[in-house]
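I opened my notebook to record what I looked up in this structure.

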Amino acid sequence: MNTETAPHILIVDDHREIRDALTRYLEKNGMRATAVRDAPEMDAALRTGRFDLIVLDVMMPGEDGLSVCRRLSAEGSGPILMLTALGEETDRIVGLEIGADDYLPKPFNPRELLARIKAILRRRGPEPQPECGAFAGQRVRFAGWTLDTDSRCLTGVAGREVPLTTAEFRLLCVFLQRPRLVLSRDQLLDLTRGRAPQLFDRVIDNQVSRLRRKIEPDPARPGIIVTVRGGGYSLSADVEVVP
């Protein structure tokens, strides 16, 4: 399977052993996996990544899995497979009622988990994702530039149009949806084209450099897409939708 298009699974479980074991098993079987330990870490991952399915433990410190499932289902976040304690039938029923797609009692066989994930993804089928997310079909203004997300036309203050390649357009959209948020190179790879073993940090660095040459007044001293030492890159500009 091409890992660039492989399903990306978010594992939410407070037990490190389970997180690590599931991550290794899913990656060994051709999927991408990101593991977090609780609801706050999950929310952070969802803000900066795109996932095809969430494996969600019911028993977690802080906000429990049932509360998280109810919230995510209301937001339309995507398919959820819940992990429940053995014998807790009530949790399973409630989970399905509030939006979970399936459940699996602990302890479980990783092969069964993988089979259930594949079954959910088959039922759901591919869902087209607008490349500019919430900005799809709109005109967006930032730092003196206006981007028409339908035509992919980028226009400056003086009306000068700047052509964007597909890669540059996707990268710019990622920044526009997350202004002033520091994004690592791994996150940018994942959000723009999917992480693959042959892709390295230099890919994102080169794309950022090309985009800067088109939108920065002085590419040698970037002030729109800034470099954060040890962190990655951030769009240092306010973003607004043009009426």
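First, a cut-off I need later: a residue is buried under 20% relative accessible area, exposed over 50%, and partly exposed in between. I also noted at the start that this is a predicted model.

**Entry 1: the whole chain**

I looked up the secondary structure of the protein chain. The chain has eight helices and twelve strands. Of its 243 residues, 42% are buried.

I checked confidence next. The mean pLDDT of the protein chain is 86, and 88% of its residues reach 70 or more. Over residues 194-200 the pLDDT is below 50. In the model, that stretch still has 17 contacts beyond near neighbours in sequence.

**Entry 2: the parallel sheet**

In what order do the five strands of the sheet with parallel pairing run? I read the order as E2-E1-E3-E4-E5, and the sheet is open. Strand E2 (32-36) and strand E5 (102-106) each have a single partner strand, so one side of each is left without a neighbour in the sheet. On average, neighbouring strands here are turned by 20° against each other, direction ignored.

Helix H1 (residues 16-28) packs on this sheet and touches E1, E2 and E5. The direction of H1 makes about 170° with that of E2.

Strand E1 (residues 8-12) and strand E3 (residues 53-57) run parallel and are joined by four bridges. Val-12 has Leu-56 in E3 as its bridge partner.

**Entry 3: Asp-57**

Is Asp-57 buried or exposed? Asp-57 lies in strand E3. Its relative accessibility is 3%, so Asp-57 counts as buried. I listed its contacts, leaving aside neighbours within four places in sequence. Asp-57 touches Val-12, Asp-13, Asp-14, Gly-65, Leu-83 and Lys-106. With Lys-106 there is a side-chain polar contact of 3.2 Å.

The bond from Lys-106 to Pro-107 is cis, with omega near -10°. Pro-107 sits in the loop between E5 and helix H5 (110-124).

I looked up another proline. Pro-79 is in the loop between helix H3 (65-75) and strand E4 (80-85). Pro-79 has a relative accessible area of 6%, so this residue is buried. Pro-79 and Ile-54 are 25 residues apart along the chain, yet their C-alpha atoms are separated by 6.4 Å.

Then I went to helix H2 (residues 39-48). Asp-38 caps its N-terminal end. A side-chain oxygen of Asp-38 lies 3.1 Å from the backbone nitrogen of Glu-41. The buried residues of H2 are Ala-39, Met-42, Ala-45 and Thr-48.

**Entry 4: the antiparallel sheet**

Another open sheet has five strands in the order E9-E8-E7-E6-E12, with antiparallel pairing. Its edge strands are strand E9 (161-162) and strand E12 (239-241), and each pairs on one side only.

Strand E6 (residues 139-142) pairs with strand E7 (residues 145-148) over four bridges. Phe-142 has Trp-145 in E7 as its bridge partner.

I checked two loops for phi. Most residues other than glycine have a negative phi. Ala-143, in the loop between E6 and E7, has a positive phi of about 45°. Arg-152, in the loop between E7 and E8, has a positive phi near 60°. How accessible are they? Ala-143 is at 43% relative accessibility, so it counts as partly exposed. Arg-152 is at 29%, so it counts as partly exposed.

**Entry 5: helix H6**

Helix H6 lies across E6, E7, strand E8 (153-155) and E12. H6 runs at about 115° to E7. I tested its length. At 1.5 Å a residue, the twelve residues of H6 (residues 166-177) should span 16 Å. The end C-alpha atoms are 17 Å apart, which agrees. The buried residues of H6 include Phe-169, Leu-172 and Phe-175.

**Entry 6: a hairpin**

Last, I looked up strand E10 (residues 225-228) and strand E11 (residues 232-235). These strands pair in the antiparallel sense over four bridges. Val-228 has Gly-232 in E11 as its bridge partner. Three residues stand between the strands of this hairpin, and Gly-230 takes a positive phi near 75°.

Terms used
Residues are numbered from 1 along each chain as its sequence is written. This is a predicted model: local features need pLDDT of at least 70, side-chain atom pairs count only at pLDDT 80 or more; totals for chains, interfaces and linings use all residues. Side-chain values use heavy atoms; hydrogens and water are left out. Two strands pair if DSSP finds at least two bridges between them. Axes are lines fitted to C-alpha atoms, for helices over the stretch in contact, and angles run from 0 to 180 degrees between N-to-C directions. Contact means heavy atoms within 4.5 Å. The expected span of a helix is 1.5 Å times one less than its number of residues. Buried means under 20% relative accessible area, exposed over 50%, partly exposed in between (1.4 Å probe, protein chains only). A polar contact is a pair of N or O atoms within 3.5 Å; within protein, one must be able to donate a hydrogen and the other to accept it, and residues adjacent in sequence count only if both atoms are side-chain atoms. pLDDT is the predictor's confidence in each residue, from 0 to 100.
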